[in-house]
Amino acid sequence: MESTESENMVISQNKIDGMIYGFAFGDAWGYVTEFMQYPQIVRKKVKPPHVLRVSDDTQMSLYNLAAIKDILKQYSSDDLKELGQNVDLQNQIRMIFASHHVDFYHDLENNRAPGMTCMRALETYLNTHNVSTGMEGATNNSNGCGTVMRAPWFGALPYDRETVAYLAIIQAQTTHGSHVGWIASALAALLTRDLLNMNSDNVLGSKFIHYAKLVLSEIAKMPSNLIQDAQDGVQHLRDGLSQLGLKWDDFLDAPTQTDMTSFFGEGWVADETLYNAIVAVAAYSSRSIYKRIQRLVWTNGDSDSLAAVGGAFLGAFKGYEALQYDVKSNLENRYQAELSAAAETYYKYVQSMERMNRKMSV
């Protein structure tokens, strides 16, 4: 199975809405349980709140979109084809992301237990004179999940796969210094892209874990310092995905009420967040996405990030209607408008990508 086999398929508005609102739904529901223990969550049977209040995961993803809009204005697709080899261009793009992440830092709504690694990195960046790379704040070597939580929506950008991977890494580099988080972000972005293009359930189960390994191998071969200087991160994820496959049968044999993070990690770090999201797709059945997101919300772990990334994956794969929940109407007012605009923007991006692919195939 080639990881690029479905690149020319038509992506529907339903799938883009699934990616956007699946992310926000998982984030808002998981935000309720983030600091609760699993037995308490199960005992209370925690359901989505009446008003879906998103956390920093959705907020920072929206600020990433603002950065992308600036990048699209300033650089052509041909310009960005040089991104892998042009370090000066990498720095320019990274500083655009950093600038918008600083806007998030100052957002009056940034009062929802934001990740301290992100906040400290942005504060350091703010206090650095003569910034030149956009990495000035990321002196922490942290593998926190703040990298990968911002990555899924990159899958809908109108660029080739290498550019998507590089952009996902560059945005991660503004706040986190770990190679694992950088590569996990690239993998999350490309898996989202592929799930948007997939319409068949024949990639589910352990096949999807294998599929993730194929995409990781694709990333490992990309000709850029962004990848080649982070091969230890590639190897870490390769080992982790292999362990994921070994734990798969034990997970399937466990009672349904078992906390899935007891198998795949609590998600406070980037790779564990990604592993749980991959398993959420692999374990998908004919039941609604709602039940799969619930497994990510009902955990001891970093439930908002787990469910946000998993919700984006599942929504990209099955579409908004498969959520079987009226996310759009139940969001808090500000983010109803902002997420609606984001979904419209990303749909325009995939339409642009489809037009480009058709021209290339003629």
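Q: Is D79 buried or exposed, or partly exposed?
A: D79 is partly exposed, with a relative accessible area of 35%; buried means under 20%, exposed over 50% and partly exposed in between, using a 1.4 Å probe and protein chains only. This is a predicted model, where local features need pLDDT of at least 70, side-chain atom pairs count only at pLDDT 80 or more, and totals for chains, interfaces and linings use all residues. Residues are numbered from 1 along each chain as its sequence is written, and side-chain values use heavy atoms, with hydrogens and water left out.

Q: Which residues does D79 touch?
A: Leaving aside residues up to four places away in sequence, D79 touches Q74 and L89, where contact means heavy atoms within 4.5 Å. The C-alpha atoms of D79 and L89 are 8.8 Å apart, and the two are 10 residues apart in sequence.

Q: Now helix 5; at what angle does it pack with helix 7?
A: Helix 5 (residues 87-106) and helix 7 (residues 161-172) pack at about 55°; helices are DSSP runs of H or I with at least four residues, numbered from the N terminus. Angles run from 0 to 180 degrees between N-to-C directions, and axes are lines fitted to C-alpha atoms over the stretch in contact.

Q: Which residues make that contact?
A: Q90, I93, R94, F97 and H101 of helix 5 meet L167, I170 and Q171 of helix 7.

Methods
Helices (H or I, at least four residues) and strands (E, at least two) are DSSP runs, numbered from the N terminus.
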